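Thank you all for coming.

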Amino acid sequence: MIHIAVQEDDFSVQKEYDRLCEANSQDGAIVFFVGRVRDVSERQEVTAMTLEHYPGMTEKCLHELANEAKTRWSLSRIRIIHRVGRLLPAEQIVFVAVSSPNRGAAFQGAEFLMDYLKTQAPFWKKEESPTGAHWVDAKESDRTKADQWIKNKLK
Amino acid sequence: MSTITVKFFARLKEQTGVAEMTIPAEKIQTLNGLKHYLVSQHPDWEIDLGHPMMAAVNQSMVNNNPDLNAGDEVAFFPPVTGG
């Protein structure tokens with residue numbers, strides 16, 4: 001089961017966790033990640049963050065990432081929720097969760113999904129600060145992290 | 001349909017001032033050809049389109065120089081920063 005949502009509304013970690021668990025006695029492991037808006041970035045204080053995305057491609061891309069993760073690891077259920085629009089510090093941005101019979105696949109699957117999402121999914125962040133708004137630059141470290149999964153695709 | 005749709009996002013949309021436009025398909029054969037055509041029509045876009053950029057054709061990321069056909073949707077955008 002793959003559930004993908006791109007939305008402005010906030011999400012409930014409890015509700016999403018319940019969805020992963022309901023009628024599911026085969027999976028012994030659930031791993032999830034939540035990304036939140038921080039009040040500082042490389043440059044300065046962040047007072048708000050706006051997320052833009054590419055409607056149509058965003059959902060398609062996240063589905064492809066989830067399918068890719070399923071080919072590499074034994075993951076029964078995958079839920080990805082990514083918010084868009086204007087968010088304030090401490091707000092939730094993204095939720096990535098997987099269920100699996102065992103924890104190895106669950107931890108790796110969740111990490112893979114986040115690393116690939118950060119370098120492949122068509123979202124762009126614009127941060128507001130006391131001195132104005134600026135687009136966030138992609139990080140070399142994110143690219144390097146995602147590339148490691150390419151090298152590791154031997155199994 | 002005899003056109004190609006071109007979309008810009010994020011900083012690129014702000015710099016070009018365009019979110020979406022259509023191009024006559026007969027003028028374009030490949031993705032690189034499309035970029036050259038856009039710069040020839042809008043010389044002030046040359047710097048903006050010269051920065052590190054990602055591209056998608058029909059909503060799938062591409063990192064080579066694919067052929068383009070009438071009805072295709074091409075998007076240009078800065079390296080993504082979601083998550």
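Let me start with a term: a salt bridge here is a side-chain nitrogen of Lys or Arg within 4 Å of a carboxyl oxygen of Asp or Glu. By that rule, three salt bridges are found across the interface of chain A and chain B, and one of them joins the side chains of E14(B) and K126(A), with 2.5 Å from N to O.

Before going further, please keep in mind that this is a predicted model, in which local features need pLDDT of at least 70 and side-chain atom pairs count only at pLDDT 80 or more, while totals for chains, interfaces and linings use all residues. Residues are numbered from 1 along each chain as its sequence is written, chains are lettered from A and ligands numbered from 1 in the order in which they are written, and side-chain values use heavy atoms, with hydrogens and water left out.

Staying with the interface, the contact (heavy atoms within 4.5 Å) takes 26 residues from chain A and 21 residues from chain B. The area buried between the two chains, that is, the accessible area (1.4 Å probe) that two parts lose on being put together, summed over both, is about 1,900 Å², and carbon and sulfur atoms give 54% of it. Of the area that chain A buries against chain B, Y54(A), W124(A) and W135(A) supply 34%, more than any other three residues.

Now to the sheet, for which we need two rules: helices (H or I, at least four residues) and strands (E, at least two) are DSSP runs, numbered from the N terminus, and two strands pair if DSSP finds at least two bridges between them. In chain A, four strands form an open sheet in the order β1-β4-β6-β2, with mixed pairing. Its edge strands are β1(A), residues 2-7, and β2(A), residues 29-36, each of which pairs on one side only.

What stands opposite V34(A) in β6(A)? Here β2(A) pairs with β6(A), residues 92-100, in the antiparallel sense over eight bridges, and the residue opposite V34(A) is F95(A).

Helix α3(A), residues 103-120, packs on the sheet and touches β2, β4 and β6 of chain A; its direction makes about 145 degrees with that of β6(A), where axes are lines fitted to C-alpha atoms, for helices over the stretch in contact, and angles run from 0 to 180 degrees between N-to-C directions.
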